[in-house]
Amino acid sequence: MEKRAILAAVLMAAVLIVYQMFFLPTAPESPPAAQKSGQPSEKPAPPAPERSTSQPAVPTAPAPVGPIPNVAEVPSAPRPPQHTASVDTPLYHATVSSEGGKLQDWVLRYRGDKPMVIVGELGPTGLTVAPPGAKTGQAVAMMISPPALVLGNDRRSDDIVMTGEAEGLKISEILRFGSESFTIDAFVRLENVSGTPKTVTVTMPWMTRERWGSRPEKFAGQHPTEIVWASQGSIARLDQLTAVPDRDVDGAWIGFDSVWYLTAMIPKTPGFTLAMMSEGKAGDDKSAKDPAGVVRIAVRASPALASGQTWEGHVVMYAGPKEYERLAALGLDGTINFGGFPLPRKYGGLPMEWLGIPILRLLKWIYSYVHNYGIAIIVVTIVSRALLYPLTVKSFRSMKAMQALAPQINALRSKYKSDPQRLQRETMELYRKHNVNPVGGCLPMVAQVPIFYALYLALSVSVELQNAGFICFGRMFGVDLWICDLASHDPTYVLPIFMGISMFVQQKMTPTAADPRQAKMMLVMPFVFTFMFLNLPSGLVLYWFVSNVLQVLQQKSMDRPTKRDAAHEARDTARA
């Protein structure tokens with residue numbers, strides 16, 4: 001039994017390590033617990049209020065971006081000066097430009113200030129209206145009102161209205177903001193006020209840099225790592241931003257994705273297509289520290305308007321954390337990448353979200369009552385141990401029976417030490433005779449593997465558990481005291497040491513066979529597990545530690561009747 005227990009533990013550890021290395025998406029550095037909202041280095045500087053006629057509208061701030069092909073020529077008439085409008089809500093702060101309604105600012109108020117837009121490097125580049133076939137165009141210069149919105153409980157949503165003209169069309173754009181969501185509803189209306197038919201391409205693009213190695217301090221996990229879109233009921237991903245083809249894609253939405261944050265555009269009216277493109281290539285120099293290449297995703301439409309005819313379109317934009325309920329409400333929950341085995345699902349591949357989503361929902365439900373994810377993990381551990389209690393009792397009885405048969409097994413080993421096959425047959429016959437299952441002692445450990453693995457998935461890719469503290473006393477000399485992020489390892493290594501001690505106590509209390517070599521191997525396992533758990537998420541270590549403590553208590557409670565019966569038998573023998 002001890003050999004099988006060791007094998008089960010080693011296999012579980014091997015599967016966890018191999019899956020983390022090859023199948024789970026690589027997570028960027030964990031976002032900081034809190035950032036000062038007033039730091040100038042975390043917010044992009046607003047652009048100059050006016051532009052010259054020879055300067056393109058996108059980007060508005062200096063950025064190492066090369067020339068963008070197929071840009072519409074700047075009209076000879078002077079463009080109106082750029083104006084901005086601010087939007088303040090409990091969830092974010094936004095600054096909207098009159099240049100096509102692009103965002104100059106989009107700072108999440110989510111466990112500190114987290115910028116999702118940096119002008120010229122990441123963000124929407126504004127509504128463009130260009131002749132048919134144009135890859136991109138210049139943002140439409142418009143008038144904007146009102147100059148500011150403040151939303152809250154008494155004012156849950158409001159609109160910013162922009163109007164302008166381009167390509168002989170009268171253009172209006174309404175951006176609807178809400179105080180309880182990270183979405184923007186964009187309503188676009190075109191009216192052909194010329195006397196001739198018009199066909200134009202309406203584009204709403206979002207851009208990012210190809211590489212983010214030059215200035216990583218501006219983001220802490222929010223910069224995109226891949227393009228993701230919905231394709232025929234499944235999720236398609238392109239995780240190489242330096243190799244983005246110029247093509248349209250079929251799907252319901254498209255977005256820039258990272259492990260914990262998402263930017264997505266969802267067309268709500270027919271006629272839109274999704275597109276991705278790469279512009280201003282930086283070449284093949286992989287060592288370039290400040291590459292000029294940019295990548296764009298877009299939703300576009302090509303309406304044909306007769307004189308006096310109008311066209312209307314509606315697009316929802318999401319830019320925020322990948323909280324499961326928020327994404328599920330928009331149909332974006334598939335962007336949470338729980339990983340998976342390479343075998344296609346139609347051939348029996350197991351989707352990892354089948355394990356990760358139920359445990360995530362359970363943790364969030366418990367959190368709604370206890371308001372601490374560490375306590376929620378402890379509650380999940382107690383519930384799982386209670387459900388596995390019948391298996392624990394069966395395992396304990398099996399180990400006790402194995403311990404009682406140890407003298408007879410040792411006698412068989414001495415008798416048939418030169419005949420291993422005969423020894424195996426006689427040993428199995430002895431087990432059958434006494435109705436003992438040699439693998440019964442491993443049942444609780446095997447049953448815990450799905451729960452442990454599901455918790456690992458939830459901690460790895462769920463933004464809800466990022467920076468979620470358990471017992472956090474603050475920071476000292478740049479080190480968290482004590483557990484201020486359950487998704488990160490314990491910086492003090494106290495919890496892994498406690499886990500190793502609890503596992504050692506559990507091994508000492510577990511009935512073992514008479515073979516001293518196997519007993520010594522079992523006592524080495526706590527040191528091996530302690531070393532393995534040093535850099536695993538604190539939430540996993542907390543789960544395993546509490547599970548060990550409960551296992552020790554259960555074993556003590558089951559040992560009492562045995563010790564009581566042994567004491568009675570000893571007294572009866574003494575009296576006799």
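The following exercises, each with a worked solution, concern the predicted model shown above.

In this predicted model, local features need pLDDT of at least 70 and side-chain atom pairs count only at pLDDT 80 or more, while totals for chains, interfaces and linings use all residues. Residues are numbered from 1 along each chain as its sequence is written, and side-chain values use heavy atoms, with hydrogens and water left out.

**Exercise 1. Overall composition**

Determine how many helices and strands the chain has, and what share of its residues is buried.

Solution. 
- Step 1. Helices (H or I, at least four residues) and strands (E, at least two) are taken as DSSP runs, numbered from the N terminus. The chain contains 11 helices and 24 strands.
- Step 2. A residue is buried under 20% relative accessible area, exposed over 50%, and partly exposed in between, with a 1.4 Å probe and protein chains only. Of the 576 residues in the chain, 50% are buried.
- Step 3. The accessible area, from the Shrake-Rupley method with a 1.4 Å probe and, for residues, only the protein chains shown as cover, comes to about 27300 Å² for the chain, and carbon and sulfur atoms supply 59% of it.
- Step 4. A contact means heavy atoms within 4.5 Å. Among the contacts in the chain with a separation of 6 or more, 68% are between residues 24 or more positions apart.

**Exercise 2. Strand E1**

Describe the partners of strand E1 and state which of its side chains are buried.

Solution. 
- Step 1. E1 and E2 run antiparallel, with 5 bridges between them, and a hairpin of 3 residues connects the two. Serine 97 in E2 is the bridge partner of threonine 84.
- Step 2. E1 and E8 run parallel and share 3 bridges. Leucine 149 in E8 stands opposite valine 87.
- Step 3. In a regular strand the side chains alternate between the two faces of the sheet.

**Exercise 3. Salt bridges**

Locate the partners of arginine 156, aspartate 159 and arginine 300 among the salt bridges.

Solution. 
- Step 1. A salt bridge is a side-chain nitrogen of Lys or Arg within 4 Å of a carboxyl oxygen of Asp or Glu. The whole structure holds 15 of them.
- Step 2. Arginine 156 pairs with glutamate 180, with 2.7 Å between the closest N and O atoms. Arginine 156 is in the loop between E8 and strand E9 (157-166) and glutamate 180 in the loop between strand E10 (169-178) and strand E11 (183-192), so the pair ties together parts 24 residues apart in sequence. Arginine 156 is partly exposed at 46% relative accessibility, as is glutamate 180 at 47%.
- Step 3. Aspartate 159 and arginine 176 form a salt bridge at 2.8 Å, N to O. This pair links strand E9 with strand E10, its members being 17 residues apart.
- Step 4. Arginine 300 meets aspartate 248 with the closest N and O atoms 3.3 Å apart. Arginine 300 lies in strand E20 (residues 294-301) and aspartate 248 in strand E16 (residues 247-249), 52 residues apart. Arginine 300 is buried at 14%, whereas aspartate 248 is partly exposed at 46%.
- Step 5. Glu226, Arg237, Asp257 and Lys322 belong to one network of salt bridges that share partners.

Conventions:
Two strands pair if DSSP finds at least two bridges between them.
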